[in-house]
Amino acid sequence: MARQDQSAYWWRRAARNVIIAVVVLACAAASWKLFSERRDLISHLSIASAYPSLLLLAATLLLGPWNLLRRRPNPISFDLRRDLGIWAGITAVFHTVIGLNVHLRGRPWLYFIDEHRGLRHDLFGFSNDTGLFAALLFLLLLAISNDLSLRRLGSRRWKSLQQWTYLAALLTVMHAVGYQSIEKRPAAYCMVLWSITAAVCVTQGAGVWRRTHDHGSNRL
């Protein structure tokens, strides 16, 4: 019976990941069609991976407070949030690798240092630095997105590492804002970015309020 339950669990999780993959591909196709103004393949892939990654990251950050607002159980880790986070990390890292070949092809180091081997202190350097640090955080989060890491680290330490997601999200937004300014992108880009950012901030704030309010009520 236990074996059957485990088999059913993995089938459900596999089906969920297939659905997420289909949604990611659909978002990538929409981004490719609607937001990419350049015709070369690398530029298309950069945009087509950027916005699905942003949406997946937002979904990951919305699930916890959404559970709190509905007064549903909100465990330290649950499969839907973990799977969305894994896909967000994968697409973010993929976008970083592709993005380092859009402007200075064959010379990715020039995204971070200038031709005189000094660190970039302009908006271009800032945007690339924030994107790189976000990608490194996503790699860390991908590395701990499994039950083995949770057991070895313990719930408290694992959760403290998992909360670096918020910094990764902030760096992602800073990276996106920088590139929107650098490339003077149309208003549609800004609308998508700020709509997603606002939705996450409002929902996170509401979740914090709900948790604080519930804790205060419990004391009474």
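# Loops, pockets and cores of a helical model

Trainee: Arg71 lies in the loop between H2 and H3. Is Arg71 buried or exposed?

Mentor: The model is predicted, and the value is computed from it. The cut-off for an exposed residue is over 50% relative accessible area. Because its relative accessibility is 54%, Arg71 counts as exposed.

Trainee: What is phi of Arg71?

Mentor: Most residues other than glycine have a negative phi. Arg71 is not glycine, yet its phi is positive. The value is near 55 degrees.

Trainee: Lys184 also has a positive phi. Where is the place of Lys184, and what is its relative accessibility?

Mentor: Phi of Lys184 is near 50 degrees, in a residue other than glycine. Its place is in the loop between H7 and H8. Lys184 counts as exposed because its relative accessibility is 70%.

Trainee: Next, Thr165. Why does Thr165 count as buried?

Mentor: Thr165 is found in helix H7, which covers residues 164-182. Buried means under 20% relative accessible area. Thr165 falls in that class because its relative accessible area is 8%.

Trainee: Which residues is Thr165 in contact with, leaving aside its neighbours within four places in sequence?

Mentor: One atom pair involves a residue that is a neighbour in this sense: a polar atom of the Thr165 side chain lies 2.6 Å from the backbone oxygen of Gln162. With neighbours within four places set aside, the contacts of Thr165 are Leu57, Leu61 and Leu141.

Trainee: Which residues have the most contacts inside the largest nonpolar core?

Mentor: In soluble globular proteins, nonpolar side chains tend to be buried together. Here the largest nonpolar core has 30 residues, and those with the most contacts inside it are Leu56, Leu57 and Phe138.

Trainee: Which element gives the most to this core?

Mentor: At least two residues each come from helix H1 (2-34), H2, H3, H4, H7 and H8. With eight residues, the element that gives the most to this core is H2.

Trainee: What does Phe138 touch, not counting residues up to four places away in sequence?

Mentor: Phe138 is among the residues with the most contacts inside the core. Under that sequence limit, Phe138 touches Leu57, Gly89, Ala92, Val93, Ala168 and Thr172.

Trainee: How many residues make up the other core, which includes Val102?

Mentor: This core lies apart from the largest one. Tyr111, Phe112 and Phe124 are among its members, and the count is seven residues.

Trainee: Leu139 is found in helix H4. What is its relative accessible area?

Mentor: The C-alpha atoms of Leu139 and Ile90 are separated by 8.3 Å, although these two residues are 49 residues apart along the chain. Partly exposed is the class between the buried and exposed cut-offs, 20% and 50%. Leu139 is partly exposed because its relative accessible area is 44%.

Trainee: On to the open spaces. Which residues lie closest to the centre of the largest pocket?

Mentor: The largest pocket holds about 690 Å³ of space. Its lining has 37 residues, and the closest to its centre are Ser46, Ala50, His95, His175 and Arg185.

Trainee: Which element gives the most to the lining of the largest pocket?

Mentor: The lining divides into 19 nonpolar, 13 polar and five charged residues. With seven residues, the element that gives the most is H2.

Trainee: What volume does the second largest pocket have?

Mentor: Its lining divides into seven nonpolar, seven polar and three charged residues. H2 gives the most to this lining, with five residues. The volume is about 350 Å³.

Trainee: Which residues lie closest to the centre of that second largest pocket?

Mentor: The lining of the second largest pocket has 17 residues. Those closest to its centre are Asn74, Arg81, Lys159, Tyr166 and Arg211.

Trainee: Which residues lie nearest the centre of the largest cavity?

Mentor: The largest cavity has a volume of about 250 Å³. It is lined by 18 residues, and nearest its centre lie Thr60, Arg81, Gly85, Ser145 and Gln162.

Trainee: Where does the largest share of the lining of the largest cavity come from?

Mentor: The lining divides into 10 nonpolar, six polar and two charged residues. H2, H3, H4 and H6 each supply at least two residues. The largest share, five residues, comes from H3.

Terms used
Residues are numbered from 1 along each chain as its sequence is written. This is a predicted model: local features need pLDDT of at least 70, side-chain atom pairs count only at pLDDT 80 or more; totals for chains, interfaces and linings use all residues. Side-chain values use heavy atoms; hydrogens and water are left out. Helices (H or I, at least four residues) and strands (E, at least two) are DSSP runs, numbered from the N terminus. Buried means under 20% relative accessible area, exposed over 50%, partly exposed in between (1.4 Å probe, protein chains only). A polar contact is a pair of N or O atoms within 3.5 Å; within protein, one must be able to donate a hydrogen and the other to accept it, and residues adjacent in sequence count only if both atoms are side-chain atoms. Contact means heavy atoms within 4.5 Å. On a 1 Å grid over the protein atoms alone, a cavity is a set of points where a 1.4 Å probe fits but cannot get out, and a pocket is an open set with protein on both sides within 12 Å along at least five of seven lines; lining residues have an atom within 4 Å of a point. Grid points are joined across faces, edges and corners, and a volume is the space filled by probe spheres set on the points. Ala, Val, Leu, Ile, Met, Phe, Trp, Tyr, Cys and Pro count as nonpolar, Asp, Glu, Lys and Arg as charged, and the others, Gly among them, as polar. A nonpolar core is a set of buried Ala, Val, Leu, Ile, Met, Phe, Trp, Tyr and Cys residues joined through side-chain atoms within 4.5 Å.
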